[in-house]
Amino acid sequence: MALRILGLASALTLGLASCDDGGAKVETGAGITAVETPGAPQPTPFAIENSAVIPIRSRASRRDYEIFVKTPPGYDKPQNAGRRYPVIYLTDGPYTFQVASGISRVPFSQARFDEFVIVGLSWAKGDAPADSRRRDLTPWRDPQIKGETGGGPAHFAFLKDEVMPLVEGRYRIDPAERTLAGQSYGAIFGLWVLFHAPETFDNYILTSPSIWYADKQALKDEAAYAAVHKDLKANLYLAVGSREHPGAGGCPGCDHDMVADQALLAKTLKSRNYPGLRVRAEVVEDGYHETTFPIGLMRGMQQLYLKD
């Protein structure tokens with residue numbers, strides 16, 4: 001079944017304010033009166049094409065989640081019956097899956113991108129989204145943060161041992177071409193995976209990483225990895241908004257210099273001279289913490305899937 005998202009408020013036929021065909025009039029707030037046609041079909045939710053929702057219960061936590069999957073336009077064509085596709089896994093699925101689906105639609109339809117499968121993992125059902133992501137996506141406990149934290153390693157085990165086998169058992173996915181994408185807490189989740197189980201994914205698209213979290217433990221994990229490894233095989237794309245810092249030119253209420261933190265991480269990783277690591281870090285002009293992800297995700301996708 002297709003993934004259904006925001007329901008339409010009503011099935012409306014737009015008309016001039018002076019028109020009256022007997023239908024109920026509704027003010028839209030834009031100087032236009034919408035006339036609801038008598039006997040019109042009831043509104044239905046908007047559906048993302050070629051998508052499905054797969055329910056899953058974590059064996060370890062006993063929590064329920066949903067997996068959102070979208071296949072590219074050519075997936076069901078007879079000539080591609082034996083083809084396996086790259087896949088991009090996204091944390092914070094209720095938000096990121098819709099973004100990934102929307103921004104890839106035209107590049108797919110115009111053959112600008114090589115095709116790939118999109119997979120989003122939801123927050124735990126029954127939990128407030130903020131509570132679920134704070135618990136599941138933070139790799140370390142932080143007593144300075146109110147609420148449960150530090151569930152990242154367990155959530156990674158759920159992703160790796162349960163979600164990925166389920167998805168890759170049902171869809172023609174190439175396990176040698178996996179990408180992990182995340183925003184904010186999702187990005188430090190991705191950094192934890194990069195420094196603890198880098199072989200799980202080939203590529204990482206991480207935007208607005210909350211490197212400040214847990215006294216910048218992500219930087220300490222990076223140093224610990226470097227102390228015992230001579231290589232790190234991955235393609236890493238980082239993006240942060242230019243406004244994600246306090247002070248002049250930043251944003252009201254920003255307490256952490258996320259621009260400087262990303263720059264330090266990128267500089268440090270490049271200085272390691274790992275033969276198998278490629279790092280690209282960008283600052284999105286006028287980007288805020290709430291707005292950087294779609295731009296960063298598209299640029300990361302272009303790095304990986306743009307046709308020659």
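## Basis of the description

The model is predicted: local features need pLDDT of at least 70, side-chain atom pairs count only at pLDDT 80 or more, and totals for chains, interfaces and linings use all residues. Residues are numbered from 1 along each chain as its sequence is written, and side-chain values use heavy atoms, with hydrogens and water left out.

Helices (H or I, at least four residues) and strands (E, at least two) are DSSP runs, numbered from the N terminus.

## The sheet

Eight strands form an open sheet of mixed pairing, in the order β6-β7-β9-β8-β10-β11-β12-β13. Two strands pair if DSSP finds at least two bridges between them. At the edges stand β6 (51–57) and β13 (277–284), each of which pairs on one side only. From one strand to the next, the twist averages 20°.

Strand β8 (residues 85–90) is largely enclosed by the rest of the structure, because six of its six residues are buried. Here, buried means under 20% relative accessible area, exposed over 50%, and partly exposed in between (1.4 Å probe, protein chains only). On one hand, β8 pairs with β10 (residues 173–183) in the parallel sense over five bridges, and Leu90 stands opposite Ala181 in β10. On the other, β8 pairs with β9 in the parallel sense over four bridges. Ile88 stands opposite Ile118 in β9, and Tyr89 stands opposite Val119 in that strand. In a regular strand, side chains alternate between the two faces of the sheet.

## Helices across the sheet

β8, α1 and β9 make a right-handed β-α-β unit; right-handed means that, with the strands pointing away from the viewer, the path from the first strand over the helix to the second runs clockwise. Helix α1 lies across β6, β7, β8 and β9, running at about 160° to β9. Such angles run from 0 to 180 degrees between N-to-C directions, and axes are lines fitted to C-alpha atoms, for helices over the stretch in contact. Helix α7 (residues 292–305) lies across β8, β10, β11 (203–207), β12 (234–241) and β13, at about 160° to β11.

Within α1 (residues 93–109) lies Ser101, which is buried at a relative accessible area of 5%. Leaving aside neighbours within four places in sequence, Ser101 is in contact (heavy atoms within 4.5 Å) with Ile48, Lys70 and Ile118.

## Packing between helices

In helix α2 (residues 129–137), the buried residues are Ser132, Arg133, Arg134, Arg135, Asp136 and Leu137. The buried residues of α2 pack against β7 (64–70), α3 (152–170), β10 and α4 (185–196).

Helices α3 and α4 pack at an angle of about 75°, with their axes 11 Å apart. They are therefore roughly perpendicular to each other, the class for 65 to 115 degrees; under 35 counts as roughly parallel, over 145 as roughly antiparallel and the rest as oblique. Gly152, Pro153, His155, Phe156 and Leu159 of α3 make the contact with Phe189, Trp192 and Val193 of α4. These residues divide into six nonpolar, two polar and no charged. Ala, Val, Leu, Ile, Met, Phe, Trp, Tyr, Cys and Pro count as nonpolar, Asp, Glu, Lys and Arg as charged, and the others, Gly among them, as polar.

## Residues with positive phi

Ala111, although not a glycine, has a positive phi of about 60°. Ala111 lies in the loop between α1 and β9 (117–121) and is partly exposed, at 43% relative accessibility.

Ala214, also not a glycine, has a positive phi of about 55°. Ala214 lies in helix α5 (residues 213–228) and is buried, with a relative accessible area of 11%.
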